[in-house]
Each structure stands twice: as structure tokens, then as C-alpha cells.
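Please examine the sequence and the structure shown below.

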Amino acid sequence: MPILNAVLPPPLDAYEGMIFGLAKALAIVVLGWIVAKWVSALALRAFRARKVDEAVARFLAAVTQYLVLAAAVIASLGTVGIQTTSLVAVLGSAALAVGLALQGTLSHFASGVMILVFRPFAVGDVVTAGGQTGTVEDIGLFATILVTPDNHKVILPNAQVTGGTIVNITARGTRRGEITVGVAYGTDPHRVLELLPATAAGMEGVLQDPAPSAILTGFGASSVDFKLYLWTECADWFATLNQTRVAVHDALTEAGIEIPFDQIVVHNTAAT
């Protein structure tokens, strides 16, 4: 190394190996940093091309960057004589200890990544998950926030969400509703089976495909029981179902079909 020796002052000749080792290590770190940034940007573009959630894409790209940078740092330490094998073992042990200490948190994080990648639901969907039903307000890496119909804010740890069945009520765009109707014995069931779908079909918000339908479901202590099925857009479900109930009541009354009194009492009790 005659040229390198020439540029070093004589007092530093004794430290030539260390100086050039440090310079080489620094060069590896700088090069590793540049490569890490490039790989991170490449990974981010790849994740976006696959329509991965932006938060997850950025996180995975950052992880990729730090892994490449860590590899560069370890390689640079090897050039100055540090035993990287033992260092990697120590770091691995530390990572394992931290992982065990944060096992629950990491479980929520992994579940959050799964939700954002596989998209079982999106913000704005109405879902049942973790024993709760509500509208999805936010999907985070550690928790999912639901707003219940009575405006309660529910924060569900993501591991609880993915640990059970997820029912996405609004994912299909339409939703079926059902109305239970009990009429007095002696009423012609064919008449009721014609009246119920016809009443629902005339309601605004009720879809005609699939068309409303009705079935006789059983014989109660004081009534013949029917169910009316109808389909609506998800956003119209609650209001349309309520308006159709009122219309069915009015249609039965107008047709002279009796609703047993105890059926009305039971319905009111359940509502309260």
C-alpha cells in the first residue's frame, strides 16, 4: 500500500491498519445506507403495485431498509476485527427476550398487518367481530375501532378481531331484512302470503331483485306465524325495514286481518 502510506503522516504509520479498516467500515456503512434506501423505495413501489394498505406498505418498506442497513453495519464491524458471530448471537437473544416480553402486543400487531393486507373489512363497513357489532371507524396496526348503533366507541385489540369469526354485514352492498307477523287463527294463510310480499314490493327502498317473499313459519299458542323477507341497500336497511313494518300493520288492518292482542304485547315488551 505505497500510495496509502504516502498520504499518512509518519506518526500515524503505526495505526495504518486501524485507520484504513475504519475507513473501509465507514465506506461499507455509507454504501449500505444508500442501498438500503434504494431497496426500501423499490419495496414500497412493489407493495403499492399489489394494492397493499399504505400504512402496511410503508412499515414493511421501513423494515426492509433497516434489515439491509443492519447487515451493512455487521459487515463493517467485521472489517475492524470485531467478532460479528457473537454479536449476532447477542442481538438474537435480545430480540427473543423482547419478543417474549411483548408477546401480546406483537400478536395484536401481527393481526393488524393481516387485517390490512387481507382486507376482511374496510372503514365504513358494518361488522360483527370480537363479540361486538358496529361501523368500522378506524383500522390500526394494534387495534380496530368500531362505533356501535347506540354511538358507543369500542376499541378492539386486533388479536381479538382475528381470533374469532368476522361477519361483514355490508360487504355485499345489499342486506336482507325480515319481519315476523302473527295473525289470528281462522285467517286464510294464502291471503296473508299474498298480502305481505305485495305490501313490501310497493315500499320505497325495497329491492325487486330479489323480490320480497313470505313464508308460514309455525303455529303459536294464539297465532299463525309468518315471516316476510325483503332486500334493501345497506344504507337504507334500518329505515326501510321500519317503514315496511308500519305498512304491513296498516295493510293487515285494512284487510280486516286480526293481529292477536298477546302478539302486540309481546312485541312491545321485546322492544323495550
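Helix 7 (residues 189–201) lies across strand 6, strand 7 and strand 8, and it runs at about 20° to strand 8. Helix 8 also packs on the sheet, touching strand 6 and strand 8, and its direction makes about 25° with that of strand 6. This is a predicted model, in which local features need pLDDT of at least 70 and side-chain atom pairs count only at pLDDT 80 or more, while totals for chains, interfaces and linings use all residues. Residues are numbered from 1 along each chain as its sequence is written, and side-chain values use heavy atoms, with hydrogens and water left out.

**Terms for helices and angles**
- Helices (H or I, at least four residues) and strands (E, at least two) are DSSP runs, numbered from the N terminus.
- Axes are lines fitted to C-alpha atoms, for helices over the stretch in contact, and angles run from 0 to 180 degrees between N-to-C directions.

- Three strands form an open sheet in the order 6-8-7, with antiparallel pairing (two strands pair if DSSP finds at least two bridges between them).
- Strand 6 (174–183) and strand 7 (213–219) stand at the edges with a single partner strand each, so one side of each has no neighbour in the sheet.
- Neighbouring strands of this sheet are turned by 25° against each other on average, direction ignored.
- Strand 6 and strand 8 (residues 224–233) run antiparallel and are joined by 10 bridges.
- Val 183 has Val 224 in strand 8 as its bridge partner.

**Thr 240**
- Thr 240 is placed in helix 8 (residues 237–254).
- With a relative accessible area of 4%, Thr 240 is buried (under 20%; exposed is over 50%, partly exposed in between; 1.4 Å probe, protein chains only).
- Leaving aside neighbours within four places in sequence, Thr 240 is in contact (heavy atoms within 4.5 Å) with Glu 204, Gly 205, Val 206 and Thr 232.
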